[in-house]
Amino acid sequence: MNAVSISWTLSRYFGRQFLTTVLITFGIFLCLIYMIDLVELMRRAANQPNMSFGVLATMSLLSLPTVGSDTLPFAVLFGGMAAFLRLTRNHELVIARAAGVSVWQFLMPALVVTFAIGVGVITVYNPVAAAMSNRYSQLEAQYLEGRPSLLAVSQNGLWLRQADPGGQSVIHALRVSERGLRLEDVIILLYDREDSFIGRIDARSASLEDGYWDMRNAWVSQLNDQPRHYDSFRQPTTLTLNQVQESFADPDTISFWDLPHFIEMAEAAGFSARRYQLHFFDILATPVLLCTMVFLGAIFSLKTSRLGGLVQLVLGGILAGFLLYFLSALSLALGSSGVLPPFLAAWAPAIVGLLLGLAVLFHLEDG
């Protein structure tokens with residue numbers, strides 16, 4: 001009973017030391033990101049006379065969780081290395097090893113804490129970050145870009161807004177094909193410059209061409225006029241395919257819990273949901289990626305007590321962390337381009353890094 005109590009007390013101590021160091025490291029990263037992002041927003045808003053510092057500070061705060069999530073693996077790596085090095089320098093790990101505690105036993109509290117952080121990122125942190133990122137996108141469009149989103153997807157189909165020479169129009173389509181170039185079962189609601197309704201166009205299909213929609217089997221209805229039928233009708237537009245695709249919701253603005261439903265709606269509307277599937281699997285892989293960073297930190301920090309070369313080993317750990325991050329970014333890019341399946345692209349770097357970390361630790365401790 002006494003041995004179990006000591007083991008539990010020691011595990012809590014190691015876990016608390018690790019968690020504290022990681023949180024402090026992550027907090028430092030967030031402060032640096034906030035200041036850098038605020039300076040960048042001030043530069044972008046230099047030509048906006050009506051932009052206040054309060055709005056810029058709010059926008060920088062709203063974007064902080066999304067940008068900060070990319071630095072969380074490095075916070076775990078650097079914080080873990082700092083915690084292990086401090087415990088080693090204080091001879092606490094040396095005493096624990098002399099008492100028969102293996103590397104796996106004193107790494108287990110750190111892994112449990114890290115896995116819990118990963119689960120918290122998925123279930124709580126990501127939805128909050130998505131909501132804040134969505135609000136940031138709205139403020140950015142309002143104050144810096146001068147236009148709101150052009151496109152929205154719902155269970156009732158696709159909605160598009162476009163500027164016309166005499167006003168604007170709202171386009172609704174039940175289905176989309178050819179990545180947004182072709183709309184099926186189309187309704188276009190026409191408005192003048194004062195946003196007054198002036199007519200509508202119903203068509204079987206509409207294809208986006210250079211400067212116009214090529215509409216087939218169209219009925220054009222104007223106020224105070226009889227509906228007219230056209231086998232082919234051209235409706236002017238300022239939209240381009242890039243504008244339509246770029247107006248699609250950013251994956252970072254969609255909560256983890258809402259992503260499966262959004263993917264289903266996007267595919268039903270005819271859009272490719274690959275990048276949303278990739279984002280979904282990438283979020284799911286967060287706990288594994290964070291645990292991989294713990295193993296990397298342990299490999300390059302626990303060796304210092306026996307092999308020396310503190311600076312070289314720490315730099316090696318940092319280099320290994322950046323290498324893993326680069327491979328993850330490369331894998332996600334391959335998944336986004338369709339070379340790799342989304343699940344494999346999101347999970348492969350974390351799993352490979354985890355297995356390599358385990359193999360190296362087995363070699364160092366038991367080899």
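**Entry 1: Thr66.** I looked up the neighbours of Thr66 and found that Thr66 touches Ala129, Ser133 and Asp252, leaving out residues up to four places away in sequence; contact here means heavy atoms within 4.5 Å. The model is predicted, so local features need pLDDT of at least 70 and side-chain atom pairs count only at pLDDT 80 or more, while totals for chains, interfaces and linings use all residues. Residues are numbered from 1 along each chain as its sequence is written, and side-chain values use heavy atoms, with hydrogens and water left out. Thr66 lies in helix α2. Buried or exposed, I asked of Thr66? Thr66 is buried, with a relative accessible area of 15%; buried means under 20% relative accessible area, exposed over 50%, and partly exposed in between, with a 1.4 Å probe and protein chains only.

**Entry 2: overall counts.** I listed the secondary structure and got 11 helices and 7 strands. Helices (H or I, at least four residues) and strands (E, at least two) are DSSP runs, numbered from the N terminus. Of the 367 residues in the protein, 44% are buried. Among contacts with a separation of 6 or more, residues 24 or more positions apart account for 61%.

**Entry 3: strands.** I followed β3 (residues 167-177) into β4 (residues 182-192): the two run antiparallel and are joined by 10 bridges. Strands count as paired if DSSP finds at least two bridges between them. Ser177 stands opposite Arg182 in β4. Next, β4 pairs with β5 (residues 197-209) in the antiparallel sense over 9 bridges, and Leu190 stands opposite Gly199 in β5. The hairpin of β4 and β5 has 4 residues between the strands, and Asp195 there takes a positive phi near 60 degrees.

**Entry 4: cores.** I searched for nonpolar cores, each a set of buried Ala, Val, Leu, Ile, Met, Phe, Trp, Tyr and Cys residues joined through side-chain atoms within 4.5 Å. The largest has 45 residues, of which Phe18, Leu72, Val76, Phe84, Phe106, Leu107 and Val294 touch the most other members. Elements that give two or more residues to this core include α1 (2-44), α2 (53-89) and α4 (103-145). The largest share, 11 residues, comes from α8. I then checked Val76, which touches Phe18, Val22, Thr114, Leu290, Met293 and Val294, again not counting residues up to four places away in sequence. A second, separate core has 34 residues, including Leu158, Ile171, Phe233 and Phe271.

**Entry 5: pocket.** I used a 1 Å grid over the protein atoms alone: a cavity is a set of points where a 1.4 Å probe fits but cannot get out, a pocket is an open set with protein on both sides within 12 Å along at least five of seven lines, and lining residues have an atom within 4 Å of a point. The largest pocket has a volume of about 850 Å³, a volume being the space filled by probe spheres set on grid points joined across faces, edges and corners. Of its 33 lining residues, Ser69, Asp70, His279, Asp282 and Leu332 are the closest to the centre. Which element gives the most to this lining? Helix α10 does, with 7 residues. By class the lining has 22 nonpolar, 7 polar and 4 charged residues; Ala, Val, Leu, Ile, Met, Phe, Trp, Tyr, Cys and Pro count as nonpolar, Asp, Glu, Lys and Arg as charged, and the others, Gly among them, as polar.

**Entry 6: cavity.** I found 1 cavity of 30 Å³ or more in the whole structure. Its lining is Phe14, Gln17, Phe18, Ala83, Phe84, Leu87, Phe106 and Ala110.
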